[in-house]
Amino acid sequence: MNRLAPALELPLAAMGEMTHRCPLQCPYCSNPVELQKAGGELTTGEWKRVLDELAGLGVLQFHFSGGEPLARKDIVELVAHASDAGLYTNLITSAVMLDEGKMAALAEAGLNHVQISIQGAEAESADRIAGMKGAHAKKIEAARLVRDVGIPLTVNAVMHRQNLDQLAAVIDLAVTLDAARLEVAHVQYYGWALKNRAALIPTPRQLDAATALVDEARQRLKGRLVIDYVIPDYYAELPKKCMGGWGSSFFILSPSGKVLPCHAAETITGLAFDSVRDHRLEWIWRESPALNLYRGTGWMAEPCRSCEFREIDLGGCRCQAFALAGDAGATDPACGRSPRHRDIFSLAVTEASEDRRSLVYRTFAGGA
Amino acid sequence: MIVGVLSRPRLLRHIVLKRDEARDRWVILAPERVLVPDETAAEIVGMADGVATVAAIVDRLAEKYQAPREVIAADVLAMLQDLADQGYLVEGEEAA
């Protein structure tokens, strides 16, 4: 552990990518380009042991994610196990596999919250992005099932150039679906999304209009709908405090049990992430070399090292630094103080203006 | 909801008050949120079971802490209203 790192906290929350299997093929999927095949996934028994270890380690909230977590036949059993272990449980789902029977079983198992992703407000274009006909209509129906059993709902709307003009309708839809929260999540460009950046990055004008719309809606819907909003890094001036800091309070478990600081961490080649198949979680959290590598501020080079914001953003995103600067220890190019900031801004503007539309869909073949 | 002395508030079913053993404190767990109430706030939320009125909660605390009822009432109402404003409290049923 480097000497400038703050005292290691216990993790507050963790997310499980229960599987990479998914009926959708969204071209900005946060899963890695090299997807884990079903045969390598943790077994039911392994997940139960991990859920117990999570609770013992001080994790309070567990997010069942994927791929599509409902693609696992044992999902209800695992939600029940997590709930019995005292974890606050959240299901992050595409919802196209959610029917009345499954919803009732999940509620009975103690599920606390559901987050449903949507690809827009209009069925035709949303289904095109998802790569699945009829997906949008199924999601709308599933959102009603969630509210019918009294579980609070978050709608996660992934926004980009091809659907950003639907934002007002997306906000109205979240209200209609009786969501308590809406995440207006601009695509961030790692992995699959990086392959599709030219087709997805918004124009600066679109982004400004979206930001103004969110500001207005937050005022108008105060007390009814909370809206979380994240702008795409390419148009930011200061980097985001990615994941609250690398290995700071949160981690992700891959389908095969690797402990990752974020969804995209495996895009940084040369890092070896430890697995719950080889070590106890507590050891991994404290000792895993890959988790310790970018903790705190001791790893920073200039201009980060002497920057007055270094404790505020903890250097932004390591995956982005690797993808755009070729060095995970470099300053995040999203930062105005990075020598590459101007370049990525003009890259975004140029790609947006060329307005290419064709998509590389997420597949197990790796999108080659 | 507006919390008054005759309210019978309780946490929504999916908002959970629990002991965080690993950190030796109370927490209130909500979607994407962890609130950390102090011991007194946790005690109040624990008493807010949808049956007890706020007045009854205040009476119990005034007796337990031997403190003026008005002072306690102001604190309890403010704390519960704050939770209600975040959408975590609902009005309970009257006792059968």
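Predicted model: local features only at pLDDT ≥ 70, side-chain atom pairs only at ≥ 80, totals over all residues.

Visitor: Good to know. Where is A:Gly67, then?

Guide: A:Gly67 sits in the loop of chain A that runs between strand 2 (61-65) and helix 2 (75-84). The peptide bond joining A:Gly66 to A:Gly67 is cis, with omega about 10°.

Visitor: And what is the peptide bond from A:Glu302 to A:Pro303 like, cis or trans?

Guide: That bond is cis as well, with omega near 5°. Look for A:Pro303 in the loop between helix 11 (289-292) and helix 12 (310-313) of chain A.

Visitor: On to backbone angles. What is phi of A:Met243?

Guide: It is near 60°, which is a positive value in a residue other than glycine. A:Met243 belongs to the loop between strand 7 (226-230) and strand 8 (250-253) of chain A.

Visitor: Is A:Met243 buried or exposed?

Guide: Buried. A residue needs 20 or more other C-beta atoms within 10 Å of its own to count as buried, and A:Met243 counts as buried because it has 22 such neighbours.

Visitor: What about A:Asp355, buried or exposed?

Guide: Exposed. The limit there is 12 or fewer neighbours, and A:Asp355 qualifies because it has 11 C-beta neighbours inside 10 Å. Its phi is positive too, about 55°, although A:Asp355 is not a glycine. You'll find A:Asp355 in the segment after helix 14 (341-354) of chain A.

Visitor: What is A:Ser338 in contact with, neighbours in sequence aside?

Guide: Leaving out neighbours within four places in sequence, A:Ser338 is in contact with A:Thr331, A:Asp332 and A:Pro333. A:Ser338 lies in the loop between helix 13 and helix 14 of chain A, and counts as buried because 22 C-beta neighbours fall inside 10 Å. The C-alpha atoms of A:Ser338 and A:Cys304 are separated by 9.0 Å, with the two residues 34 apart along the chain.

Visitor: Time for the other chain. What is the secondary structure of chain B?

Guide: Chain B comes to three helices and five strands. From the N terminus on, the order is β-β-β-β-α-α-α-β.

Visitor: How do helix 2 and helix 3 of chain B cross?

Guide: The axes of helix 2 (residues 54-65) and helix 3 (residues 69-85) come within 9 Å and cross at roughly 130°. That angle makes helix 2 of chain B oblique to helix 3 of chain B. The crossing is right-handed.

Visitor: Which residues make that contact?

Guide: Helix 2 of chain B brings B:Val54, B:Ile57, B:Val58, B:Leu61 and B:Ala62, while helix 3 of chain B brings B:Arg69, B:Ile72, B:Ala73, B:Val76, B:Leu77 and B:Leu80. By class, there are 10 nonpolar residues, no polar ones and one charged.

Visitor: Last one: how many residues from each chain take part in the contact of chain A and chain B?

Guide: The contact takes 16 residues from chain A and 12 residues from chain B. On the chain B side, strand 2 (16-20) and strand 3 (25-30) each supply at least two residues. Strand 2 of chain B gives the largest share of that side, three residues. The side of chain B that touches chain A divides into six nonpolar, two polar and four charged residues.

Terms used
Residues numbered from 1 in each chain as written. Chains lettered and ligands numbered in written order. Contact = placed C-beta atoms within 7 Å. Helix = DSSP H or I, 4+ residues; strand = E, 2+ residues; numbered from the N terminus. Nonpolar A, V, L, I, M, F, W, Y, C, P; charged D, E, K, R; others polar. Axes fitted to C-alpha atoms, helices over the stretch in contact; angles between N-to-C directions. Parallel < 35°, antiparallel > 145°, perpendicular 65-115°, else oblique. Left-handed = near helix turned anticlockwise from the far one by under 90°.
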